[in-house]
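Trainee: I'd like to learn how to read a model like this one, feature by feature. Can you walk me through it?

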Amino acid sequence: MALDSHIEKVIWTAGEISDRVAELAAEITSDFPAASPAPVLVGVATGAFVFLADLVRQIKLPISVDFIRADSYGCGTESAGAPRLSLDLKADVRGKHVILVEDIVDTGSTLATLISHLEKRGASSVSVCAFLDKPARRKVEFQVVGSGKYYRGFECPDYFVVGYGMDFAEVYRNLPYVGVLKPELYS
Ligand code: 5GP
Ligand code: MG
Ligand code: MG
């Protein structure tokens, strides 16, 4: 069965996504004009990898890139509770501006955990750049650190979405758009 035929409906097309990512990159470029060193963009593995790759190529600053990983979801569509840090940064972020790059904010618990970790590591500010935000499901309020800002691509309706880096059971990350799977595929 071809990949596209697994999708019940498309929520954001590749074109809509690239327009919005360009706007976010322009905002970040103009918010950190004189930061020295330029910000470190920290992608939350694995889901943020596609968004991060598109975003960084449109930011006109000498940024650096790193990854961090926190696991809570496993293979299902519901969070398994408090996330655990399972891959730490390589970069020393002490005294640096960090922008955490996430695919989607759902309960908020992953971000809350990662923000406090980066704060303990001495980041001078922690911003969040989330491709999607599902405010209807928030359980933990997270706060940016210092002069950090919250950037977000789109507000997501309360569906379990896949594509543009986001998976179901590790599949569908390579879809160039965001959509919802046919219901029979979620079981
Ligand atoms: P939170 O800790 O905010 O509840 O969840 C964060 C993580 O759960 C996201 O970074 C993402 O990996 C996963 N997640 C939350 N909602 C969705 C969704 O609708 N689709 C997919 N594929 N993953 C999701
Ligand atoms: Mg994620
Ligand atoms: Mg996942």
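**Reading the model**

Mentor: Let's start with Glu170, which counts as exposed because it has 8 C-beta neighbours inside 10 Å. The rule is that a residue is buried if 20 or more other C-beta atoms lie within 10 Å of its own, exposed if 12 or fewer, and partly exposed in between, with C-beta atoms placed from the backbone. Bear in mind that this is a predicted model: local features need pLDDT of at least 70, side-chain atom pairs count only at pLDDT 80 or more, and totals for chains, interfaces and linings use all residues. Residues are numbered from 1 along each chain as its sequence is written, while chains are lettered from A and ligands numbered from 1 in the order in which they are written.

Trainee: What is phi of Glu170 near?

Mentor: In general, most residues other than glycine have a negative phi, and most peptide bonds are trans. Here, phi of Glu170 is near 75°, a positive value. Ala169 has a positive phi too, near 50°. Ala169 sits in the loop between β8 and β9; helices (H or I, at least four residues) and strands (E, at least two) are DSSP runs, numbered from the N terminus. As for the peptide bonds, the one from Ala45 to Thr46 is cis, with omega near -5°.

Trainee: Is Asp103 buried or exposed?

Mentor: Asp103 is buried, because 25 other C-beta atoms lie within 10 Å. You'll find Asp103 in strand β5, residues 97-105. Beyond its neighbours within four places in sequence, its contacts (C-beta atoms, placed from the backbone, within 7 Å) include Gly47, Phe51, Phe131 and Met166.

Trainee: Which residues are the closest to ligand 1?

Mentor: Being near a molecule means having a C-beta atom, placed from the backbone, within 6 Å of it. Ligand 1 is surrounded by 21 residues, and the closest are Asp106, Thr107, Ser109, Thr110 and Met166. Two or more shell residues come from each of β5, α3 (109-120) and β8 (161-162). β5 gives the most, with four residues.

Trainee: And what order do the strands of the open sheet have?

Mentor: Strands of a sheet pair through backbone hydrogen bonds, either parallel or antiparallel. For a pair, DSSP has to find at least two bridges between the strands. This open sheet of three strands runs β1-β9-β8, with antiparallel pairing. Its edge strands are β1 (7-12) and β8, each pairing on one side only. β1 and β9 (residues 178-181) pair over four bridges, and Ile7 stands opposite Leu181 in β9.

Terms used:
Two residues are in contact if their C-beta atoms, placed from the backbone, lie within 7 Å.
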